[in-house]
Amino acid sequence: MKAMCIGLLAMVVLSGCGPVKNAVNPYEEDFRCRAKDSEGQCVDTPTAYSQGRAPDAANENTRDVQDEAKGERYRDISDLLAAPGVGLFYGLSFWGMALLLGWVFRTKPEYVMSLASGCLLVGPFLAMGLYDTSRRREQGLAPDLGEPLTCWDRHLGSMGILVLVLVVLELLWGRASLVVFAVFFNTGMPSTTGVLQAVFNPQNWSFVAVYTVVGGVFAALVFSTSVVSIPMILDRDTDALTAGITSMRVVVENPGVMLLWGALITRIVAVSLWFWGVGLLLAGPVLGFASWHAYRAAVIPLQRTAAMG
């Protein structure tokens, strides 16, 4: 249960994606015979889309593109080294949330889902602080802890709606889990000390299978809804609906990469939970910074799209 809750928290807070095959443009209507080349001729949508993604791609050789990709691969580490104070603050925040969830699970397990809901309220705002730090570095501004702590207040409406959607999904997830437990669990209510032994009892293998499938469906919904939407709201001050739809499109158009990214987040968080979750001090900020750069790779920059209108 602890691993599930922390995994959910990390997937929502540190949602992101790796290098994607297909970049998404949430403003495709700008490309309908409104993009023109240097001679004033209308450019078809696929060409305009390609040029909007990388205007100078035709003039770059393979080595240049590979070198650029290699340089971007470690930007998350670069952000952490450039803003160690910011990274430490958010790392401590993630670690504290993990410790709190673990303590509640051991002492008052009936409150774990309620606390997980609270983490879903706090998590996106913490993640936005890391995204803001990476964005400020892209703009040539010095990292400052004060700005990330308050960057969300300019997007409170959109973030509030998005967090509400995430909380509703989490509550539905909890309700579905109770139904699965009532229908498929065959050995009686386990105690907190023997929960793992009871869950993995051979009589409960059908429960484990169904619970995993149901949990995977809800985890996929949470992940696909928030993977791009949170950094997009920060970057463009867009509404939650547009951001959520764009996030889902990124997942649908790049399923293999996004599945790999989600699995990577889960594994990193699971490994970080060893030794009382101290690994989250490093893993939390690094995944947060990486998520911002993944968003940049997944969604066409607004200034390029506008230039083509």
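Is Phe275 buried or exposed? In this predicted model, Phe275 is exposed, with a relative accessible area of 69%.

## Phe275 and its surroundings

Phe275 sits in the loop that runs between H13 and helix H14, the latter spanning residues 280-298. Although Phe275 is a residue other than glycine, its phi is positive, near 55 degrees. Together with Val271, Trp274 and Val278, Phe275 makes a nonpolar surface patch of about 500 Å².

A positive phi is also found at Asp237, which is not a glycine and has a value of about 55 degrees. Asp237 belongs to the loop between helix H11 (229-236) and helix H12 (240-253), and with 47% relative accessibility it counts as partly exposed.

## Helix H13

Helix H13 covers residues 255-272, which amounts to 18 residues, and its first and last C-alpha atoms are 26 Å apart, close to the 26 Å expected at 1.5 Å a residue. The buried residues of H13 are Met258, Trp261, Gly262, Ile265, Val269 and Ser272. These residues lie on the same side of H13, because the arc that they cover around the axis is only 100 degrees.

On the other side of H13, the exposed residues are Pro255, Leu259, Leu260, Arg267 and Val271.

In the salt bridge of Asp153 with Arg154, the closest N and O atoms are 4.0 Å apart. Asp153 is partly exposed, with a relative accessible area of 43%, and Arg154 counts as partly exposed at 49% relative accessibility. Elsewhere, salt bridges that share partners join Glu138, Asp235 and Arg296 into one network.

## Aromatic pairs

The structure holds 8 aromatic pairs. Among them is the pair of Trp173 and Phe218, which is stacked, with a centre to centre distance of 6.3 Å and 10 degrees between the planes. Distant parts of the chain are linked by this pair, with Trp173 in helix H8 (residues 156-184) and Phe218 in helix H10 (residues 205-226), 45 residues apart. Both partners are buried, Trp173 at 7% relative accessibility and Phe218 with a relative accessible area of 15%.

The rings of Phe207 and Tyr211 have centres 5.4 Å apart and planes at 40 degrees, so this pair is tilted. Phe207 and Tyr211 are 4 residues apart in helix H10, and about one helical turn therefore separates them. Phe207 counts as buried at 5% relative accessibility, whereas Tyr211 is partly exposed, with a relative accessible area of 22%. Phe207 and Tyr211 also belong, with Phe181 and Phe185, to one aromatic cluster.

Conventions: Residues numbered from 1 in each chain as written. Predicted model: local features only at pLDDT ≥ 70, side-chain atom pairs only at ≥ 80, totals over all residues. Heavy atoms only, no water. Helix = DSSP H or I, 4+ residues; strand = E, 2+ residues; numbered from the N terminus. Expected span 1.5 Å × (residues − 1). Buried < 20%, exposed > 50% of the residue type's maximum accessible area, 1.4 Å probe, protein only. Arc of directions from axis to C-beta. Salt bridge = Lys/Arg side-chain N within 4 Å of Asp/Glu carboxyl O. Patch = residues over 30% accessible without salt bridge, like charges linked within 9 Å, V, L, I, M, F, W, Y side chains within 5 Å. Areas by Shrake-Rupley, 256 points an atom, 1.4 Å probe, with all protein chains shown as cover. Phe/Tyr/Trp six-rings, centres within 6.5 Å; stacked < 30°, edge-to-face > 60°.
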